[in-house]
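Here are some review notes on this model. Please read them with the structure open.

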Amino acid sequence: MSRIGVIGAGYVGLVTAACLAELGHDVRCVEIEPARLTRLLNGKLPIHEAGLDSLMSRNTRDGRLSFTDKFEEAVVGADVVFIAVPTPPAADGTADTSHVFSALGAITEHALPGLVVVIKSTVPVGTGDTAAGIVAEAGKQIEVVSNPEFLRQGTAVHDFMEPDRVVVGASSPGAAQKVSRLYAALEAPVVFSNRRSAELAKYASNALLASRISFMNEISSICEVSQADVVDVARIVGLDRRIGNQFLNAGLGWGGSCFPKDVLALKTFGEVVGRDPKILRAVYDVNFEQRHKAAARLIAAAAHRPEPTVAILGLAFKPETDDVRGSPALEIASMVAAQGIRVQVHDPVAVEKAREAAPRLMYAEGPEAAAMGAHALLLATEWREYLHLDWAVIKRAMSGSVIVDGRNALDGRYLQDLGFEYFSFGRSGDSRPGESRPAALFDLAEYELNAWGAIS
Ligand code: UGA
């Protein structure tokens with residue numbers, strides 16, 4: 001078992017630290033933000049992440065996981081030190097790697113010969129090589145390895161323990177082996193490459209997943225004018241094993257702290273190195289158009305009404321997390337509020353973080369209270385509890401009848417029967433402004449009759 005340091009107790013650092021401790025390693029995690037460190041030292045998690053609580057308490061209790069704000073405690077005597085600090089977007093769209101390099105500086109100061117530094121943070125191609133140059137110049141015998149993460153928030157512990165692959169980008173076989181051995185207990189293929197390929201593969205993975213969603217959002221827009229249903233289209237397309245059925249849900253598009261930042265960073269990197277990243281540009285633009293479309297629909301329904309009000313259900317960027325970074329809901333809320341419309345919001349777990357990011361929204365106790373007096377309602381995050389709401393009660397609470405299903409997750413026909421004007425992203429049977437419920441676009445019984453008729 002190895003002695004490991006992890007720099008940064010954000011969601012990637014914490015999950016990495018707790019999971020490596022669970023695999024039996026001795027892990028010390030450095031967190032320099034005092035409030036966050038105090039929480040951790042008191043056994044409290046700063047994030048909502050399924051399964052992390054029990055891993056944390058078990059491993060701290062058994063002495064395999066500890067927290068500190070002193071680099072030397074994590075670095076001196078360690079075999080491997082992970083850098084898991086944020087790389088937020090800089091003003092020009094590139095990833096800001098300043099935290100990575102300041103962590104590297106502090107590690108280098110305390111490192112003993114033979115240490116392997118692993119860059120876990122998502123960093124631009126070439127960052128590992130630059131880091132290797134810096135430690136060499138400092139005269140330190142330190143190896144730098146790229147080991148990107150593929151952890152989804154909400155299922156990060158599962159993704160760590162059952163990865164599709166472990167990527168190790170290294171310039172020496174010794175360092176590569178040292179890092180791959182940390183994961184020996186996991187049943188996963190290990191892919192060895194150079195540092196640059198590992199770094200680019202991380203961006204390419206996120207950008208490709210984001211592009212599938214943007215692609216389906218573009219298809220959804222074509223569905224809207226051709227009476228096709230994007231949910232059916234996605235199901236049919238996804239059954240092709242060459243394509244697969246994941247990340248094909250049309251709607252408000254992708255948010256979070258990763259896809260928006262990483263697509264932007266890769267696009268900007270492509271531009272900086274003199275390539276014209278046409279696809280990445282389109283992937284990005286299509287995504288953010290979805291938010292404008294939703295906001296326009298809500299504004300049209302509420303503006304010019306007495307006490308114009310809009311309700312938004314779901315603030316987390318996706319279900320099963322309390323993270324509101326890059327949340328489509330919050331951006332739409334601010335577009336709507338900018339028109340002088342009151343915005344009443346609810347989320348089952350993300351309210352505390354949402355309040356910090358958007359203190360001026362009206363935070364309701366429950367979905368019904370959020371809907372009270374609203375002229376239009378947006379389902380922005382498909383939390384399970386919203387899918388089973390008593391929509392008749394919601395309808396009675398509202399002053400208007402427009403519902404925008406931002407995740408194509410609700411039963412539009414049922415909602416129309418309750419008197420809602422239902423709008424989705426590319427599903428057939430939407431209400432059109434000024435129209436009553438359209439006749440069924442597709443009658444299965446009639447279709448089957450015709451089909452049999454054609455055969456016989
Ligand atoms: C993403 C990647 O999935 C991880 O592999 C990666 O490690 C992580 O970023 C990262 O770079 O750290 P995450 O941001 O947690 O993970 O979220 P996803 O589950 O990928 O969802 C991203 C967004 O896409 C969400 O807003 C979600 O609502 C949206 N989405 C997802 C859709 O709009 N449609 C879909 O079909 C799927």
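Is F160 buried or exposed?

1. F160 counts as buried, because its relative accessibility is 4%. Buried means under 20% relative accessible area, exposed over 50%, partly exposed in between (1.4 Å probe, protein chains only).

2. This is a predicted model: local features need pLDDT of at least 70, side-chain atom pairs count only at pLDDT 80 or more, and totals for chains, interfaces and linings use all residues. Residues are numbered from 1 along each chain as its sequence is written, and side-chain values use heavy atoms, leaving out hydrogens and water.

3. Confidence comes next. The mean pLDDT (the predictor's confidence in each residue, from 0 to 100) of the chain is 93. Over residues 434–456 the pLDDT is below 50.

4. Now the aromatic rings. Rings of Phe, Tyr and Trp (its six-membered ring) pair if their centres lie within 6.5 Å; planes under 30 degrees apart count as stacked, over 60 as edge-to-face and the rest as tilted. The count comes to seven aromatic pairs. F160 and Y183 form a tilted one, 5.9 Å centre to centre with 40 degrees between the planes. Y183 also counts as buried, at 5% relative accessibility.

5. Y284 and F288 form another tilted pair, 4.7 Å centre to centre, with 45 degrees between the planes. Both residues are buried. Together with F247, W254 and F259, they form one aromatic cluster.

6. Look at D229 too. D229 is buried yet has no salt bridge (a side-chain nitrogen of Lys or Arg within 4 Å of a carboxyl oxygen of Asp or Glu). The nearest side chain of opposite charge, R427, is 4.6 Å away. Lys and Arg count as positive and Asp and Glu as negative; His and the chain ends are not counted.

Note on methods. Contact = heavy atoms within 4.5 Å.
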